[in-house]
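Open the model in your viewer and keep the selection tool at hand. The tour below goes from one selection to the next and says what is there.

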Amino acid sequence: MTYLAKPKLRHPTLATNKVGYTRRDYEGKISTLCAGCGHDSISASIIEACWELDIEPHRVAKLSGIGCSSKTPDYFLGASHGFNTVHGRMPSVLTGANLANRDLLYLGVSGDGDSASIGLGQFAHAMRRGVRMAYIVENNGVYGLTKGQFSATADQGSKSKKGVVNTDSPVDLVAMALQLGASYVGRGFSGNKAQLVPLIKGAISHGGSAFIDVISPCVAFNNHPGSTKSYDYIREHNEAVSRIDFISGREEIAVDMEPGEVMDVRQHDGTLLRLRSLHPDYDPGDRFAAMAYMQRHHEMGEVVTGLLYVDPLATDLHTALNTCDRPLNALGPQQLCPGAQALERLNASLR
Ligand SMILES: Cc1ncc(C[n+]2csc(CCOP(=O)(O)OP(=O)(O)O)c2C)c(N)n1
Ligand code: SF4
Ligand SMILES: [Mg+2]
C-alpha cells in the first residue's frame with residue numbers, strides 16, 4: 001500500500017497552463033495518509049500553486065525530513081527532483097543543493113516535530129542565512145508519524161488524546177522566523193486553500209528565505225471517549241479474530257474567511273482553532289510590528305493567519321557569498337578546478 005502510482009491517463013480536454021501542463025502533471029503518487037489529514041490539503045495547495053505559477057516541474061527540487069508531513073512530497077510534483085532526508089536535516093541538505101544549483105526552485109517540506117525539535121538549529125540557520133527556499137512546516141502540534149506525542153509547538157495547557165495536559169511553553173516558528181531574519185513569513189491553515197495557495201505562490205516566487213507555518217490538523221489522534229470510532233468502542237463492540245488498529249477517516253476542515261474576520265474552527269478533537277485573517281490595512285513590511293501583532297493576538301488566544309511579513313527586495317545567500325551565477329553542473333573542468341596558481345591566489349587573499 002505504501003507506493004501507489006496514479007494511472008497516467010490524460011483527458012484531451014483538461015486545461016493546460018502557459019507551459020503546457022495540466023494539473024495532473026503536478027500530482028504525485030496516491031497519498032497513504034489518513035483520510036482527512038490536513039497535510040493532504042497542503043499538498044493540493046502546492047499542486048495548485050505550481051500549476052498556477054506555470055512552473056515546469058523539472059525546475060523544482062522538493063526536500064523534506066521525516067514524519068507524515070515529510071512523506072507528502074511523494075504525493076505532489078512527481079516529475080520534480082526530490083530528496084527525503086534525515087529527521088530535522090532538510091534545511092542543511094537543501095542549503096547544499098541550493099549552493100550547487102541556484103537555477104532550481106527549492107521547496108522545503110517539514111513538520112513541527114521535524115523543525116521545532118530535532119531540526120530547530122537547522123531551521124534557525126537556514127532562516128538567518130537567507131537560503132532561497134519556500135520552507136513549509138505542516139504544523140499539527142504532534143508527532144503524527146510516531147503516534148501523537150506532543151511536539152514543541154503544542155500550546156501550553158492543551159490536552160493530548162489521553163487527556164494529559166501539556167505544561168511546556170510552545171515554540172512559535174513564525175516568531176522565530178521573524179526574529180531570525182526570514183524575509184517572507186506567513187501562517188496558513190490547511191483548510192483555507194483560498195488563502196494558502198497565494199501564500200505558497202508568494203513564497204516560491206520570493207527572492208530570499210520564505211517561511212510558512214501551516215496549521216494542519218492530525219485526525220488520527222482524536223480518540224476521545226464518546227467517539228464510536230475509538231479503540232475502546234471498537235474493542236467493546238467487536239469480536240475480532242486478530243488485533244488491529246482502527247483510525248477513523250473524517251471530512252477535511254474547510255473555512256472561507258473575509259479579510260479581518262475572526263473565526264472559531266472546531267477541530268476533529270473538539271478543540272477550537274481561532275483564526276484571524278489580517279486586516280486590509282495591516283502593513284506586512286514592518287517586521288517589528290508583525291512580531292508585536294502576533295504576540296498580542298496569541299495572548300488573546302487567536303492564531304493569526306495570512307502574509308505577516310515580506311521584504312520584497314530580499315536577496316539570498318548567493319548574493320551574500322558572491323557565488324558565480326551558473327550552477328556547478330554547468331561549469332567545465334577548467335572552471336571547477338582552475339589549478340594551483342588560482343588556489344595560491346585564493347589562499348593569499350585569505351591570509
Ligand atoms: C533521528 C530520528 N529521531 C527520531 C525519529 C522518530 N521520528 C520519526 S517521525 C518523528 C516526528 C514527526 O513529527 P512531525 O515532524 O511533526 O511530523 P508529522 O508526522 O506530525 O507530520 C519522530 C520523532 C527518527 N525517524 N529519526
Ligand atoms: S497520523 Fe496524523 S499527521 Fe499522520 S497521516 Fe494520520 S492524520 Fe495525518
Ligand atoms: Mg507534527
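Start with helices α1 and α7, which are oblique to each other, because their angle is neither under 35 degrees (roughly parallel), nor over 145 (roughly antiparallel), nor 65 to 115 (roughly perpendicular). Select residues 38-52 for α1 and residues 193-205 for α7: the two axes come within 9 Å and cross at roughly 55°. Axes are lines fitted to C-alpha atoms, for helices over the stretch in contact, and angles run from 0 to 180 degrees between N-to-C directions. Helices (H or I, at least four residues) and strands (E, at least two) are DSSP runs, numbered from the N terminus.

This is a predicted model, in which local features need pLDDT of at least 70 and side-chain atom pairs count only at pLDDT 80 or more, while totals for chains, interfaces and linings use all residues. Residues are numbered from 1 along each chain as its sequence is written, and chains are lettered from A and ligands numbered from 1 in the order in which they are written.

Stay with this pair. On the α1 side, show Ser41, Ala44, Ser45, Ile46, Glu48, Ala49 and Glu52; on the α7 side, show Lys193, Leu196, Val197, Ile200, Lys201 and Ile204. These make the contact, where two residues are in contact if their C-beta atoms, placed from the backbone, lie within 7 Å. By type they are seven nonpolar, two polar and four charged. Ala, Val, Leu, Ile, Met, Phe, Trp, Tyr, Cys and Pro count as nonpolar, Asp, Glu, Lys and Arg as charged, and the others, Gly among them, as polar.

Next, select α5 (residues 120-129) and α6 (residues 173-180), whose axes come within 8 Å and cross at roughly 40°. That angle makes α5 oblique to α6, and the crossing is right-handed. Here Ala124, Met127 and Arg128 of α5 meet Met176, Ala177 and Leu180 of α6. Five of these residues are nonpolar, none polar and one charged.

Now select ligand 1. Which residues come nearest? Of the 18 around ligand 1, they are Gly67, Ser69, Gly111, Gly113 and Gly144; a residue counts as near if its C-beta atom, placed from the backbone, lies within 6 Å. α2 (68-71), α4 (112-118) and β5 (142-143) each give two or more residues to this shell, and α4 has the largest share, four residues.

Finally, show the whole protein: twelve helices and eleven strands.

Notes. A crossing is left-handed if the near helix is turned anticlockwise from the far one by less than a right angle, and right-handed if clockwise.
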